[in-house]
Amino acid sequence: MKALVYYGTQDMRVSEIEDPQVKEGEVLIKVEACGICGSDVHGYLGITGRRIPPMVMGHEFTGTVSALGEGIEDVSLGDRVVVYPARFCGRCDFCKVGLTNLCINRTIFGVMNVNGAMAEYVSVPKENILKLPENIDFVKGTFLEPLSVAYRAVKTAGDILNRNILIVGAGTIGLLILQIVRLGGARTVVITDINDARLEIARRLGVNLTLNPDREDIKASISESIPDGIDLAFEAVGSESTVNQA
Ligand SMILES: [Zn+2]
Ligand SMILES: [Zn+2]
């Protein structure tokens with residue numbers, strides 16, 4: 001099959017690699033759409049060490065079931081699915097209480113040396129697939145993974161009804177947090193980013209105030225527009241300076 005192989009820092013090429021083997025309990029997914037995570041970009045740039053070449057990235061993906069491994073019953077060929085990208089063992093203490101995201105034996109498709117979905121096919125455990133509702137297309141479906149990251153952040157933060165909220169960073173996660181807190185009844189939402197195109201998307205999504213720290217004094221602008229201050233801040237960039245700012 002064809003895959004976009006990561007060979008090393010700033011070196012990714014479409015190559016012919018072996019088709020994945022469909023093991024017992026797995027289903028073969030024909031990839032229809034795959035998101036590019038910020039962590040994939042960092043991997044490509046060689047910043048994080050969390051992509052070990054040669055490997056295939058891609059952990060935000062949707063597709064159709066194109067083959068069934070042994071022992072698969074309630075899945076049909078052609079099913080439209082989105083994939084939970086963490087392969088978990090089902091036996092460790094975390095898995096036993098349902099915290100499969102903390103599995104001590106977990107591996108993630110498209111991370112470290114495990115091949116992911118920037119390829120024609122990926123074979124995944126049946127437990128990792130969720131059927132896509134008819135009204136969600138393959139591209140929108142790829143947002144399930146980043147959306148769950150944003151949703152958990154908001155859930156962890158507690159009550160957001162009528163709160164004044166600051167989101168530092170208007171990338172994918174920041175923009176998803178924005179949509180969740182608006183639906184949750186936040187009173188005022190402020191978002192900051194140094195990228196004006198992203199701030200424009202935030203305005204279209206209904207943010208109350210956008211600030212670009214390259215041009216504006218964040219603290220002064222917030223005290224001026226929101227006299228009673230910020231109740232909750234979300235950091236969605238991942239750098240030391242923005243963590244301190246939040
Ligand atoms: Zn990601
Ligand atoms: Zn486990």
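C92 and C103 are both buried. Keep in mind that this is a predicted model. These two cysteines belong to a metal site, so let me start there.

The zinc ion (ligand 2) has four protein donors: C89 (SG), C92 (SG), C95 (SG) and C103 (SG). They lie 2.3 to 2.4 Å from the metal. What is the geometry of the site? It is tetrahedral, with angles of 103 to 118° among the four donor atoms. Every angle has to fall between 85 and 135 degrees for that label. In sequence, the donor residues are spaced C-x2-C-x2-C-x7-C.

Which residues coordinate the zinc ion (ligand 1)? C37 through SG and H59 through NE2, at 2.1 to 2.3 Å. Buried or exposed? C37 is buried, and H59 is buried too.

Now the rings. How many aromatic pairs does a search of the whole structure find? One. It is Y84 with F88, ring centres 6.2 Å apart. The planes meet at 50°, so the pair counts as tilted. Y84 is partly exposed, at 29% relative accessibility. F88 is partly exposed as well, at 23%.

Two arginines also sit over rings. R13 lies over the face of Y7, 4.2 Å from the ring centre. R80 places its charged end over the ring of F138, at 4.8 Å from the centre.

On to the overall layout. The domain assignment gives domain 1 as 2-142 and domain 2 as 147-245. Taken over C-alpha atoms, the two centres are 30 Å apart.

Then the packing. The largest nonpolar core has 20 residues. Which of them have the most contacts inside it? I165, I167, V181 and I191. α5 gives the most, with six residues.

Last, some backbone points to check before you build on these coordinates. The peptide bond from P53 to P54 is cis, with omega near -5°. P54 is in the loop between α1 and β4.

Two residues other than glycine have positive phi. Q10 has phi near 55°. Q10 is in the loop between β1 (2-8) and β2 (11-16). With a relative accessible area of 51%, Q10 is exposed. M112 has a positive phi of about 55°. M112 is in the loop between β8 and β9 (121-125). At 32% relative accessibility, M112 counts as partly exposed.

Key: Residues numbered from 1 in each chain as written. Chains lettered and ligands numbered in written order. Predicted model: local features only at pLDDT ≥ 70, side-chain atom pairs only at ≥ 80, totals over all residues. Heavy atoms only, no water. Donors = N, O, S within 2.8 Å, 3.2 Å for Na, K, Ca; no water. Buried < 20%, exposed > 50% of the residue type's maximum accessible area, 1.4 Å probe, protein only. Tetrahedral: all angles 85-135°; square planar, octahedral: opposite > 155°, others 65-115°. Domains from an automatic or database assignment. Phe/Tyr/Trp six-rings, centres within 6.5 Å; stacked < 30°, edge-to-face > 60°. Lys NZ or Arg CZ within 6 Å of the ring centre and 35° of its normal. Core = buried A, V, L, I, M, F, W, Y, C linked by side-chain atoms within 4.5 Å. Helix = DSSP H or I, 4+ residues; strand = E, 2+ residues; numbered from the N terminus.
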